[in-house]
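Below are some notes on the model you sent.

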Amino acid sequence: MKKKITIGLGCLFLLALAACTEKSQSTDKKLETHVENLLAQMTLEEKIGQMNQISPWGEPTQIAEAVRKGEVGSILNVVDPVAINALQQVAMEESRLKIPLIIGRDVIHGFKTIFPIPLGQAASFDPQLVEAGARVAAIEAASVGVAWTFAPMIDIARDPRWGRIAESLGEDSYLTATLGAAMIRGFQGSDLSDPTAIAACPKHFVGYGAAEGGRDYASTFIPERTLRNVYLPPFEAAVREGAATFMTSFNDNDGVPSTGNRFILEQVLRKEWAFDGFVVSDWASVAEMIAHGFCKDGKEAAEKAVNAGVDMEMVSGLYVAHVKELLAEGKIRMETIDNAVRNILRVKFRLGLFEQSHIDTEAPSVFYAEAHLAKAKEAAVASAILLKNEGDFLPLTDQIKTIAVVGPMADAPHDQLGTWVFDGDKNYTRTPLKALQEEYGDRIRILYAPGTAYSRDRATDGIAAAVAIARQADVVLAFVGEEAILSGEAHSLADLNLQGAQSELIAAVAKTGTPVVTLVMAGRPLTIERDAEASRAVMYHFHPGTMGGPAIADLLFGKAVPGGKLPVTFPRTVGQIPIYHSHNNTGRPYQGNETLLDGIALEAGQTSLGNTSFYLDAGNDPLYPFGYGLSYTTFEYGNLSISADRLRPTDELTVTFEVTNTGKYDATEVAQLYVQDCFGSVTRPVKELKRFARVALKAGEKKTVSFTLPVQELAFYTIDMQKKVEPGDFNLWVGPNSRDGLQTTFVVE
Ligand code: NOJ
C-alpha cells in the first residue's frame, strides 16, 4: 500500500506566515476612530488609570471605588463571574467614560479542565491539538468573564534546572514558534470579539529562559545575533498570528531589564514588527528594576518603563504614583502616554468588551464538559513519550494477570496536574491507579503499595511493602516523578535525579526480577539514566493533567500507541547542561569515540586523549536527543530525494522521502527535517529543525512525505547583523529525531 501526502503551504508554519494576512495590524478605521474619540475625552488621571493593572487588594468596595474613578484599567486574578460582573458594571455604568475592565488570569494549560503542561503538549508536535487545547481553555475561562490569558509562554528553554521549562514549548525556536502560534489561534479564536475568545499574551519578552544557571529570574547574556536568530522568532510569529498583547520578562539581558529595554520594545516590537496591541509588565517588574540596580527609585522605574514602551503596569502602582509628575517635569511625553492608552483601548475594542462585558451567570456550566475531557485525554496520549521498550515489553498483553502499582505519582490527583493550576480542581483528576482499577480491575489483580508517600519523601520504610507486591506480580508499574510544586515559576533545582527515595524504590522492585515499567510524571527532564537501566520500559509524561490516568491506561495496554517526541534534550547528568541539539560547533568537535574517565591510562600524556570538546566523565551525548520518542511499531525512512541540489536564494526546495510502518501497530510518526548551513560569515548550528509532520501509518503502510522549504528560510543574522541567506554548502537530514536519519546535501549559489 502506498500513499502520498504533501505537506503543502497551508500546513507549514512559515509559509503560512507569508501567506497570512497580518491580523493584528488591522487598520480598521472605525475602531481607530472609536479609540481617538475616547482618548480625546480622557483626563490625564483616566489615561494613567488605563495603564494600571491591579490584583485585588483591600475591600471590594475600595476596588469598586477605584474603578468608578477610572483609576484601574485591568484587574487580574478575579474569577468569580458575579464579582467580575459587579466590577464591569461599575466600570461600564458608573465610571465617567464607561470603559470596561480587561480581566486577566494565568490560564496556561487549561482553566478547569487541565491539559498536559505546555512542555507536554509540545511533545505532541501537533499544532492542531495544541490549538484545540487552548480553545477549550478559552471557552472555560471566558465563561466566567476572563478576557485575557497570560500565555503562551514562548521562552526558549534549554536548561531543565529552570522550573519554568514546564511552561515552555521546549528548546527549539521553530517548534516553539509553530506551537506558540497554534496556542494563540486557540485562545483568540477566529475573531477576538467572539464571546469565547480571550486575548493571548505571549511572554516573556525576552530571553527569560536563558537565566544563568537555570535559576529563575537570574540575569541573561544573550548577544543580539543569538537573540534575533533564536529567541525572537517565536515572538515575531506571535505578532503575525495576531497576538493581542505582550508581556515583558523579569530578566536583565546584558545589563538591561526587559521592562526598561527600548531596543526590544520600541525598535524590535513596534518598529520592525509593527505590533499594535499593548505591552504589560510582568508582576511588579517595573518596581523590580530598583532591585536590579537599574533605577534608583520608583519614580525612575516608572519613567524608564513608560519610555521603553510598557503600556500597562502589572501591580506595582508606580505609574499611578509618578507619571503625572514625570510628565510635568518633561521626563515623559504626553504622546507616549497617549500611545500607551491607544494600544490598550484598541485591544479592549477588539475584544468587544464595550458591547459585551456582562456574563450570563445562569448559563449552563462548560467546565469539565465531556468534549473538553476527551480533548484533554487526547492531548495526554499524544504527549506521552516512550523512551525505552526493551524487547517490545509494552504494550502489556493478556498474559498479565497481576500488576503491582508502586510509586508516589500513581495516585496523586493534585500533582499530576502540574504547575499553573489556579482554577483546576483535583477532585476531577483521573489518576493512573484509579483508571487501571476502573478499566482492568475486573480482569487483572491490581495491587498497590506506593513505597514512598510523595516525590521528595526520603523515608524508605514503605519500600518493603512495594517489594512484597512486586514479588506477587507479573509486572511492576512504577509511577515516579515530581510533585507539581517542584517545577514552575521560582522552582529551580540544582539536582535533577529523582527526588527522595524514588530511585531506591525502583532499584528495590527491579531486584525482585519482576519486570519494571517506569512511568515518569514531571515538570522537566530528569536525569533518569540509572532508573531507565533498571526498567524494561520507560514512558515519560510531562505532568499530564486531569485525564492523565485514562490516557496512561490506554497507552499501557495498547489501546493507544505512544507517538510523542522530546521537545527538549535529556541530559545524562546536570553537568552536561546546557545541552541542546542546535548548538554551534567548536573548532574541536566531539567525535563520540573519545576516551572517558575509566579508560584513561595512568599517567597518560596530556595530549593523548585527543583534545576535543567533551566531558571526561559523561561524554557529550545526551541520554535522549531532541525529537526522540519510540512507538510500539517501527518506522523506516527511505528514498530521500530533493528537487535540486543547486538552488538560488529565491528558489524553493522540495524534499521527498518515504516512511514505512514496518511493525504491527497502526501509529503516527513525527517525521522531522533538519538543516545545517556548513559555513557562514558567522558560525552556524550543527542542526536546525526546519519542518516536521505527523504521518499516520497503518501497520505495513508506506507513505511519501514531501516538505517544501523556501531557501529564504535558511536566512539568519549574518556578520553585519542583516538577515540574509548566504551562499554555500548545506547538509539536510530527514528522520525520527535530531540524531538519526537520512542525509543529503545541497548548495545555495
Ligand atoms: C509572574 C509570571 O512571571 C507571569 O508569567 C505571570 O503571568 C504573572 N506573574 C501573573 O501571574
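This is a predicted model: local features need pLDDT of at least 70, side-chain atom pairs count only at pLDDT 80 or more; totals for chains, interfaces and linings use all residues.

1. Tyr-217 has a positive phi, near 75°, although the residue is not a glycine. Is Tyr-217 buried or exposed, or something in between? Its relative accessibility is 35%, so Tyr-217 counts as partly exposed.

2. Lys-98 is another non-glycine residue with a positive phi, here about 55°. Its place is the loop between α5 (81-94) and β4 (102-105). Lys-98 counts as partly exposed because its relative accessibility is 39%. As background, most residues other than glycine have a negative phi, and most peptide bonds are trans.

3. Two cis peptide bonds deserve a check. One runs from Ala-151 to Pro-152, with omega near 5°; Pro-152 sits in the loop between β5 (148-149) and α8. The other runs from Phe-205 to Val-206, again with omega near 5°, and Val-206 belongs to the loop between α8 and α9.

4. Helix α9 (residues 224-231) has Leu-227, Arg-228, Val-230 and Tyr-231 as its buried residues. Which elements do the buried residues of α9 pack against? They pack against the helices α8 (173-188), α10 (233-240) and α11 (262-272), and against the strands β7 (252-253) and β23 (716-717).

5. Gln-121 is part of helix α6 (residues 118-123). With 5% relative accessibility, and buried meaning under 20%, Gln-121 counts as buried. The Gln-121 side chain reaches the backbone oxygen of Pro-116 at 3.0 Å. Not counting residues up to four places away in sequence, Gln-121 touches His-109, Phe-115, Pro-116, Val-130, Met-183 and Ser-383.

6. His-322 is in helix α14 (residues 318-328). Its relative accessibility is 19%, and the cut-off for buried is under 20%, so His-322 counts as buried. Leaving aside neighbours within four places in sequence, His-322 is in contact with Gly-298, Lys-299 and Ala-302.

7. How many residues surround the ligand? There are 13, and the closest are Asp-106, Arg-164, Lys-203, His-204 and Asp-282. The shell divides into seven nonpolar, one polar and five charged residues.

8. The protein covers 95% of the 300 Å² of accessible area that the ligand has on its own.

9. For the chain as a whole, there are 21 helices and 26 strands. The C-alpha atoms fill a box of roughly 75 × 65 × 60 Å along the principal axes. A compact globule of 749 residues would have a radius of gyration near 27 Å, and the chain has 27 Å, so the two agree.

10. Of the 749 residues, 60% count as buried. The chain exposes about 28100 Å², with 50% of that supplied by carbon and sulfur atoms. Among contacts between residues at least 6 apart in sequence, 77% join residues at least 24 apart.

Technical notes. Residues are numbered from 1 along each chain as its sequence is written. Side-chain values use heavy atoms; hydrogens and water are left out. A residue is near a molecule or strand if one of its heavy atoms lies within 4 Å of it. Accessible areas come from the Shrake-Rupley method with a 1.4 Å probe; for residues, only the protein chains shown count as cover. Ala, Val, Leu, Ile, Met, Phe, Trp, Tyr, Cys and Pro count as nonpolar, Asp, Glu, Lys and Arg as charged, and the others, Gly among them, as polar. Helices (H or I, at least four residues) and strands (E, at least two) are DSSP runs, numbered from the N terminus. The radius of gyration is taken over C-alpha atoms; the globule rule is 2.2 Å times the number of residues to the power 0.38. Buried means under 20% relative accessible area, exposed over 50%, partly exposed in between (1.4 Å probe, protein chains only). Contact means heavy atoms within 4.5 Å. A polar contact is a pair of N or O atoms within 3.5 Å; within protein, one must be able to donate a hydrogen and the other to accept it, and residues adjacent in sequence count only if both atoms are side-chain atoms.
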